[in-house]
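Trainee: Please show me how to read this model, one feature at a time.

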Amino acid sequence: MDNKSEKIRKKNIRDQLKRIKPGECQKYVRLVIDSRIMSAPYGRELIIELNNAVASGDLKYEIRNLPLKESIIWERSVGQLTLAFGDAPLSEEWQREKQVLKLLCHEELQLLIRNKNLEHLSDDLTTKYPNMQYIVAYLSNDGGGKHGNAETNALLELQVMHQLHVLEIPNYAKGLVSELKRLNKAIAEAPYKQQKSETMETFKKFLANDKKQCVRVEGTNGFGRLWQQHLNRLPLVTLEVAETIIERYPCPKLLIADLKNNPDAVKEIGDLKIKRSGPKVLQTDRRIGNVLAYKLYMLYTATDPNTLI
């Protein structure tokens, strides 16, 4: 690979990372709206609201003939991925996201209920958009989100029996665009959140920590508790062992300095008698031990990242 191609490849990697960052990612996601929505009673008003959202930078969309009537899908620009020959520019590519939304008006739901044919909606979605996440946006006729038992039971059946995620939209155009903006933001940020989740899963529990046991540090308050909790995360270190170490080394800096500068530090740590709580008559003296002392030495002094502790 020549220098020019390598520069293009590196630029493309930087571009991909930029495309998934919150605040930037929505620029690279667009809605694709089925053209038959234009002939719906709410179509004209919907386009006006969509254009307002585009003008404010909240959405991008285009109109296209889609496999399913009055459906909406999302596409993500994956950038200029294909290296062209010679000096030809790189091609822009769009990939379909996994979500598809089907608009369901009140009259269409009534027809499905009368014909006892709710599974037809589910079959249409799974046939024309296989292996996707299905959302049904029910455009409520009354504007208040209230409807009769038949509609309630039908919407529940779509969710429970047919595994469709149902959203109720009380205000046709404005309500729908508001929901589309919310979904668009969630879909745009999904790769970043997935990447972040996968990164955190690679860390051990005692390094990643968990929200429930976080220590609040304000000014100089909280450092002692944080030091104790850090030690407790290490294998073989119980609360009593941690308290014994802290009594000798009130902060990690003192422990690290002793391990680096004192050739007898490992032996001295191993000989520390563990502080015990409870009736002392029944207790025998226990030491920290050389095994744990040596593990502490390796943890705080090793410079090779591949060192086994």
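Predicted model: local features only at pLDDT ≥ 70, side-chain atom pairs only at ≥ 80, totals over all residues.

Trainee: How many helices and strands does the chain have?

Mentor: Helices (H or I, at least four residues) and strands (E, at least two) are DSSP runs, numbered from the N terminus. Here the chain has 12 helices and six strands.

Trainee: What percentage of the residues count as buried?

Mentor: Buried means under 20% relative accessible area, exposed means over 50%, and partly exposed is in between, with a 1.4 Å probe and protein chains only. Of the 309 residues in this chain, 35% are buried. As for contacts (heavy atoms within 4.5 Å), residues 24 or more positions apart make up 65% of those with a separation of 6 or more.

Trainee: Which residues of the largest nonpolar core touch the most other members?

Mentor: A nonpolar core is a set of buried Ala, Val, Leu, Ile, Met, Phe, Trp, Tyr and Cys residues joined through side-chain atoms within 4.5 Å. The largest one has 28 residues, and Tyr42, Leu50, Ile72, Trp74, Leu101 and Leu180 touch the most other members. Elements giving two or more residues to this core include β3 (71-82), β4 (91-105) and α6 (172-201). Helix α6 supplies the largest share, seven residues. Not counting residues up to four places away in sequence, Leu180 touches Leu31, Leu50, Leu59, Ile72, Trp74 and Leu101. Another core, of 21 residues, lies apart from it and has Val32, Leu68, Leu118 and Leu164 among its members.

Trainee: At what angle do α8 and α9 pack?

Mentor: Axes are lines fitted to C-alpha atoms, for helices over the stretch in contact, and angles run from 0 to 180 degrees between N-to-C directions. Helix α8 (residues 223-233) packs against helix α9 (residues 239-248) at about 130°, with the axes 9 Å apart. That makes α8 oblique to α9; angles under 35 degrees count as roughly parallel, over 145 as roughly antiparallel, 65 to 115 as roughly perpendicular, and the rest as oblique. On the α8 side Trp227, Gln228, Leu231 and Asn232 meet Leu239, Ala242, Glu243, Ile245 and Ile246 of α9.

Trainee: At what angle do α10 and α12 pack?

Mentor: Helix α10 (residues 252-261) and helix α12 (residues 290-301) pack at about 100°, their axes 10 Å apart. This makes α10 roughly perpendicular to α12. Leu255, Ile256, Leu259 and Lys260 of α10 meet Leu296, Tyr297, Tyr300 and Thr301 of α12.

Trainee: Is Glu70 buried or exposed?

Mentor: Glu70 has 10% relative accessibility, so Glu70 counts as buried. Glu70 sits in the loop between β2 (61-64) and β3, and has a positive phi of about 55° although it is not a glycine.

Trainee: Is Leu236 buried or exposed?

Mentor: Leu236 counts as exposed because its relative accessibility is 53%. Leu236 lies in the loop between α8 and α9, and its phi is near 75°, a positive value in a residue other than glycine.

Trainee: Where does Ser122 lie?

Mentor: Ser122 is in helix α4 (residues 118-128). Its relative accessibility of 9% is why Ser122 counts as buried. Leaving aside neighbours within four places in sequence, Ser122 is in contact with His162 and Leu164.

Conventions
Residues numbered from 1 in each chain as written. Heavy atoms only, no water.
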